[in-house]
Amino acid sequence: MKFKKLIRIFAILMAASLCCVPALAAGGDVSGAIQQTWTAASGQVKTVVDTVVFPALDMILAIAFFVKVGSAYFDYRQRGQFEWTPPAILLVCLIFCLTAPSYIWGIIGM
């Protein structure tokens with residue numbers, strides 16, 4: 001049984017290695033090719049992150065914040081004690097995420 005498993009795994013690895021194509025840079029300068037690709041794509045990456053990623057994170061954090069405030073209020077009505085920590089953490093994360101596009105690119109160097 002083990003032998004058959006090993007044969008199957010070996011066959012899968014052989015098939016995968018036959019399908020792989022080596023990536024070669026012109027002149028053998030892999031570092032230069034990566035830098036050139038990043039320079040060409042960095043504007044697109046910045047645009048996508050600014051228009052898609054950060055707004056999606058903001059929306060998720062805002063929904064989580066309001067749900068947590070609502071549940072904390074209902075806990076307060078039930079137990080008479082308001083728990084501040086989870087809504088405060090979500091609010092700080094939301095503020096961090098809302099302001100991140102203005103400074104994150106300076107940190108990264110774009």
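**Cysteines, helices and rings**

Author: Let us begin with a single side chain in this predicted model: C97 has a relative accessibility of 6%, so C97 counts as buried, the cut-off for that word being under 20%.

Reader: How many disulfides does a search of the whole structure find?

Author: The general idea is to look at the distance between two cysteine sulfur atoms, which have to lie within 2.5 Å to count as a disulfide. Here the search of the whole structure gives zero disulfides. The cysteine sulfur closest to that of C93 belongs to C97, and because the two are 8.7 Å apart they are too far from each other for a bond. C93 itself counts as partly exposed, because its relative accessibility is 33%.

Reader: Where in α3 does a kink lie, and what follows the helix?

Author: A bend is read by comparing the axis before a residue with the axis after it. Helix α3, which runs over residues 85-108, has a kink of about 65 degrees at A100, shortly before the proline P101. After α3 comes G109, and its phi is positive, near 100 degrees.

Reader: What is the count of buried residues in α1, and how many Å does α1 reach?

Author: The count of buried residues among the 18 residues of α1 is zero, and this helix is hardly covered. From its first C-alpha to its last, α1 (residues 2-19) reaches 26 Å, close to the 26 Å expected at 1.5 Å a residue.

Reader: How many aromatic pairs does the search find, and how should I read their geometry?

Author: Two values matter, the distance between ring centres and the angle between planes, with angles over 60 degrees counting as edge-to-face. The whole structure holds five aromatic pairs. One of them joins F65 and F66, whose centres are 5.3 Å apart and whose planes stand at 65 degrees, so this pair is edge-to-face. Y76 and F82 form another edge-to-face pair, with 6.3 Å from centre to centre and 70 degrees between the planes.

Reader: Are F65 and F66 buried or exposed?

Author: F65 counts as buried, at 14% relative accessibility, whereas F66 is exposed, with a relative accessible area of 58%. Finally, ring pairs link Y76, F82 and W84 into a cluster, in which Y76 is partly exposed at 42% and F82 is partly exposed at 25%.

Key
Residues are numbered from 1 along each chain as its sequence is written. This is a predicted model: local features need pLDDT of at least 70, side-chain atom pairs count only at pLDDT 80 or more; totals for chains, interfaces and linings use all residues. Side-chain values use heavy atoms; hydrogens and water are left out. Helices (H or I, at least four residues) and strands (E, at least two) are DSSP runs, numbered from the N terminus. The expected span of a helix is 1.5 Å times one less than its number of residues. Buried means under 20% relative accessible area, exposed over 50%, partly exposed in between (1.4 Å probe, protein chains only). The bend at a residue is the angle between axes fitted to the seven residues ending there and the seven starting there. Rings of Phe, Tyr and Trp (its six-membered ring) pair if their centres lie within 6.5 Å; planes under 30 degrees apart count as stacked, over 60 as edge-to-face and the rest as tilted.
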